[in-house]
Amino acid sequence: MRTASHAPELRAAAQHIGRRRFLTVTGAAAALAFAVNLPGTAHAAELDPRKITEDPFTLGVASGDPQPGSILLWTRLATRPYEPDSGLPRARIPLRWEIAHDSGFSRIARRGSVTAYPEFHHSVHVTVTGLDNDRPYYYRFRAGTWISPTGRTRTAPARSARISELKLAAVSCQAYHDGYFTAYKHLAEEELDAVFHLGDYLYEYAVNAVGGARAYTDRRLPAHFNHETVTLEDYRLRYGLYKSDPDLKDAHAAHPFVLTWDDHETENNYAGDIPENDVPPEEFLLRRAAAYRAYWENQPLRRPQRPDGPDMQLYRRLHFGRLAQFDILDTRQYRSDQAYGDGWQVPGPESEDPARTLTGAGQERWLLDGWKSSRARWNVVPQQVTFAQRRDVPTGTFKLSMDAWDGYAASRERVLAGAAAAGIENLMVLTGDVHVGYGFDLKKDFNDPASRTIGTEIVATSISSGKDGSDKPANWDNLTKANPHLKFYNGRRGYVTVTLGEQQARADFKTVGAVTKPGAPITTAASFVTEAGNPGLEPV
């Protein structure tokens with residue numbers, strides 16, 4: 001990894017923290033205040049948006065985290081998103097926004113103004129309240145004479161509302177250098193209430209001049225994309241690259257997103273404050289703060305998710321009437337280090353240590369307490385890494401992934417015990433990370449195939465990571481034989497839609513045949529249902 005060019009004063013501040021920062025969070029956050037750097041009384045001068053001569057809405061618009069009568073709207077101004085300053089001066093820029101009942105904006109529901117500050121890279125997060133529950137809306141921004149693309153969004157139903165159906169999509173893992181975001185083009189055309197992004201929205205790896213596997217012939221990407229992201233400027237530029245993709249922009253404009261991260265938004269397989277590579281802790285804290293700051297700036301997230309130095313509370317809870325409760329997890333920021341040096345390993349005392357945690361104690365307690373008070377028909381857990389046991393071979397000696405819940409067996413047991421104690425009957429886990437589609441039955445005892453099924457896990461394949469993939473990856477026979485609770489396995493790119501109803505939930509695994517060339521059609525590889533009160537995936 002190249003040497004990071006963090007500002008000297010930031011490096012000096014971080015050196016006084018090291019790993020002690022997790023014992024003195026407040027002090028650490030103060031020392032790394034650059035990652036908050038809120039606009040104050042001495043902020044930059046104001047730019048008249050009428051003087052902007054190029055389209056500032058090149059990154060499109062987005063909405064997120066639907067609540068009853070409320071939605072979060074996002075955009076980031078960037079006339080030239082491949083440049084470090086995005087083509088804009090270091091000045092604050094006033095914007096106007098409006099949200100309407102119709103796409104022609106003849107019936108305005110709410111409107112207002114907001115300032116895009118250079119400290120936040122000219123991103124804005126507008127919390128709109130006072131809307132109707134469970135209704136579609138259209139929104140847009142204005143900067144001088146420039147008007148953004150129109151986005152469509154939807155509010156959540158009232159917490160007490162009885163709704164008959166909720167349709168969502170789950171997506172993950174979109175390595176730009178591995179191919180086109182064709183799946184998003186199709187996703188934008190779906191009728192959905194929300195899209196859940198389960199991590200790896202961005203990859204830290206280098207993207208060469210031809211976009212890696214995209215093999216561009218009509219353009220050349222700047223050289224500053226051809227190295228790993230480390231600094232705040234690196235991450236900001238990489239988001240400019242990703243969010244310029246037309247298919248991703250269409251998906252964001254079509255549906256509200258609910259996002260959580262995994263590892264690649266910062267660094268591959270990091271664990272809490274422990275980096276993948278052997279670098280000083282203060283170096284990684286600076287990198288993590290930069291990555292978290294850029295993530296916030298570029299996603300439709302509400303104010304409670306704004307980072308505080310190298311910390312960001314991303315776990316949160318959403319309700320869709322009495323039909324569904326969503327407990328969105330962060331299995332990266334608080335976890336114990338991977339056992340046995342990470343990778344696929346034979347499980348043993350280290351991976352099975354009861355003190356190990358994937359969620360951290362605070363998040364685990366929050367999850368279990370939330371289940372105790374849940375009155376929802378379906379309790380859904382959008383999160384990152386494979387939850388079900390996943391043996392690599394059908395023999396007595398087998399290996400498990402130390403980065404997944406298999407590497408944190410006691411943590412998984414506590415979560416399942418908490419679900420049982422709370423009387424959760426319809427548990428569904430949504431997962432990303434592995435670049436394949438899986439459908440699992442969750443077992444009370446994964447080592448006993450006859451054990452009671454207590455929930456389901458739906459694993460969304462990647463949007464592009466892993467390039468084209470195949471219907472049956474090389475380990476298909478071994479995995480399906482070794483794991484009788486694995487009901488579906490496919491290695492193509494795509495996404496999964498989940499339709500929740502009072503009587504059943506249905507999962508449709510959608511795939512595209514190729515991502516290394518654009519324009520592949522979408523097909524449904526398989527569909528499954530699980531009955532309310534009788535968990536277990538059955539093919540349709």
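# Cavities, pocket and cores

Me: How many cavities of 30 Å³ or more does a search of the whole structure find?

Reply: The search of the whole structure, which is a predicted model, finds four cavities of 30 Å³ or more. Residues are numbered from 1 along each chain as its sequence is written. Local features need pLDDT of at least 70, side-chain atom pairs count only at pLDDT 80 or more, and totals for chains, interfaces and linings use all residues, while side-chain values use heavy atoms, with hydrogens and water left out.

Me: What makes a space a cavity or a pocket here?

Reply: On a 1 Å grid over the protein atoms alone, a cavity is a set of points where a 1.4 Å probe fits but cannot get out, whereas a pocket is an open set with protein on both sides within 12 Å along at least five of seven lines. The largest cavity holds about 50 Å³ and the largest pocket about 580 Å³, each volume being the space filled by probe spheres set on points joined across faces, edges and corners.

Me: How do you know which residues line the largest cavity, and of what class are they?

Reply: Lining residues have an atom within 4 Å of a point, and for the largest cavity they are Leu 329, Leu 367, Trp 371, Val 381, Gln 383, Phe 387, Trp 405, Val 415, Leu 427 and Val 429. Ala, Val, Leu, Ile, Met, Phe, Trp, Tyr, Cys and Pro count as nonpolar, Asp, Glu, Lys and Arg as charged, and the others, Gly among them, as polar, so this lining has nine nonpolar, one polar and no charged residues.

Me: What lines the largest pocket?

Reply: It is lined by 26 residues, of which Leu 416, Lys 443, Lys 444, Asp 445 and Ile 454 lie nearest its centre. By class they are twelve nonpolar, five polar and nine charged, and α8 gives the most, with seven residues; helices (H or I, at least four residues) and strands (E, at least two) are DSSP runs, numbered from the N terminus.

Me: Why is Ser 164 called exposed?

Reply: Buried means under 20% relative accessible area and exposed over 50%, with partly exposed in between (1.4 Å probe, protein chains only), and Ser 164, at 62%, therefore counts as exposed. Ser 164 is found in the loop between β8 (151-154) and β9. By contact (heavy atoms within 4.5 Å), and not counting residues up to four places away in sequence, Ser 164 touches Leu 323, Leu 500, Gly 501 and Glu 502.

Me: What makes α4 mostly covered?

Reply: Ten of its eleven residues are buried, including Leu 232, Asp 234 and Arg 236, and the buried residues of α4 pack against β2 (70-76), α5 and α6.

Me: What makes a set of residues a nonpolar core?

Reply: The set consists of buried Ala, Val, Leu, Ile, Met, Phe, Trp, Tyr and Cys residues joined through side-chain atoms within 4.5 Å. The largest such core has 44 residues, and those with the most contacts inside it are Tyr 176, Tyr 184, Leu 187, Tyr 295 and Met 312. To this core α6 gives the most, with seven residues. A second, separate core of 32 residues includes Leu 168, Ile 458, Phe 528 and Leu 537.

Me: How confident is the predictor in the chain?

Reply: By pLDDT, the predictor's confidence in each residue from 0 to 100, the chain averages 94, and 92% of the residues score at least 70. Over residues 16-36 the pLDDT is below 50, although this stretch has 40 contacts in the model beyond near neighbours in sequence.
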